[in-house]
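Notebook open, structure on screen. I want to go through the strands, the rings, the charges and the surface, one entry at a time.

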Amino acid sequence: MRVVNEFVQEEIRISVFSWNNKYIIKYELGPLEQTFKVSEMDVLEESALEVFWKDDFFEKVKFRFEEMGKIFRAQLENL
């Protein structure tokens with residue numbers, strides 16, 4: 001597995017890996033994680049992957065983290 005890029009944006013750690021002919025884009029916020037896989041055949045240049053941490057897509061990732069956090073905290077209360 002090759003690390004393509006790693007950085008933090010708005011408290012969310014973003015890691016991009018190249019593995020098994022796919023790009024793996026991983027978002028981490030606290031105990032929560034979201035992962036997306038994109039075929040390397042669908043990407044002309046690695047710089048094109050920036051679309052996954054910009055604009056509307058990144059806003060939806062943040063919103064999903066909010067939803068996941070609510071569900072996770074509610075479940076923890078039931079332990």
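My entries follow, starting with ground rules.

**Ground rules.** I'm working on a predicted model, where local features need pLDDT of at least 70, side-chain atom pairs count only at pLDDT 80 or more, and totals for chains, interfaces and linings use all residues. Numbering starts from 1 along each chain as its sequence is written, and side-chain values use heavy atoms, with hydrogens and water left out.

I took helices (H or I, at least four residues) and strands (E, at least two) as DSSP runs, numbered from the N terminus. Two strands pair if DSSP finds at least two bridges between them. I looked up β1 (residues 2–9) and β2 (residues 12–19), and they pair antiparallel over seven bridges. Val 3 has Phe 17 of β2 as its bridge partner. Two residues sit between the strands of this hairpin, and Glu 10 in the turn has a positive phi of about 50°.

**Ser 15.** Next I checked a residue in strand β2, Ser 15. Is Ser 15 buried or exposed? Ser 15 is buried, at a relative accessible area of 1% (buried is under 20%, exposed over 50%, partly exposed in between, with a 1.4 Å probe and protein chains only). Leaving aside residues up to four places away in sequence, Ser 15 touches Asn 5, Glu 6, Ile 24, Ile 25, Lys 26 and Glu 28 (contact is heavy atoms within 4.5 Å).

**Rings.** I counted a pair when ring centres of Phe, Tyr or Trp (its six-membered ring) lie within 6.5 Å; planes under 30 degrees apart are stacked, over 60 edge-to-face, the rest tilted. That gives five aromatic pairs. Phe 7 and Trp 53 have ring centres 5.2 Å apart and planes at 70°, so I logged them as edge-to-face. Phe 7 is in β1 and Trp 53 in the loop between β4 (32–39) and α1 (55–77), so this pair ties together parts 46 residues apart in sequence. Trp 53 is buried at 9% relative accessibility. Tyr 27 and Phe 36 are also edge-to-face, 5.9 Å centre to centre with 85° between the planes. Tyr 27 is buried at 0%, while Phe 36 is partly exposed at 25%. Ring pairs join Tyr 27, Phe 36, Phe 52 and Phe 57 into a cluster.

**Salt bridges.** My cut-off was a side-chain nitrogen of Lys or Arg within 4 Å of a carboxyl oxygen of Asp or Glu. How many salt bridges does the structure hold? I get five. One of them joins Arg 2 and Glu 46 at 2.4 Å, N to O. Arg 2 is in β1 and Glu 46 in the loop between β4 and α1, so the pair ties together parts 44 residues apart in sequence. Asp 56 bridges to Lys 60, with the closest N and O atoms 3.1 Å apart; these two are four residues apart in helix α1, about one helical turn. Lys 62 and Glu 59 bridge at 3.0 Å between closest N and O atoms. Lys 62 is buried at 19%, whereas Glu 59 is partly exposed at 42%. Salt bridges link Glu 10, Glu 59 and Lys 62 in a network, which takes me back to the hairpin turn, where Glu 10 sits.

**Loop and tail.** Pro 31 is in the loop between β3 (22–29) and β4, and Pro 31 is exposed at 67%. Pro 31 and Gly 69 are 38 residues apart in sequence and 8.9 Å apart C-alpha to C-alpha. Leu 79, in the segment after α1, is exposed at 81%.
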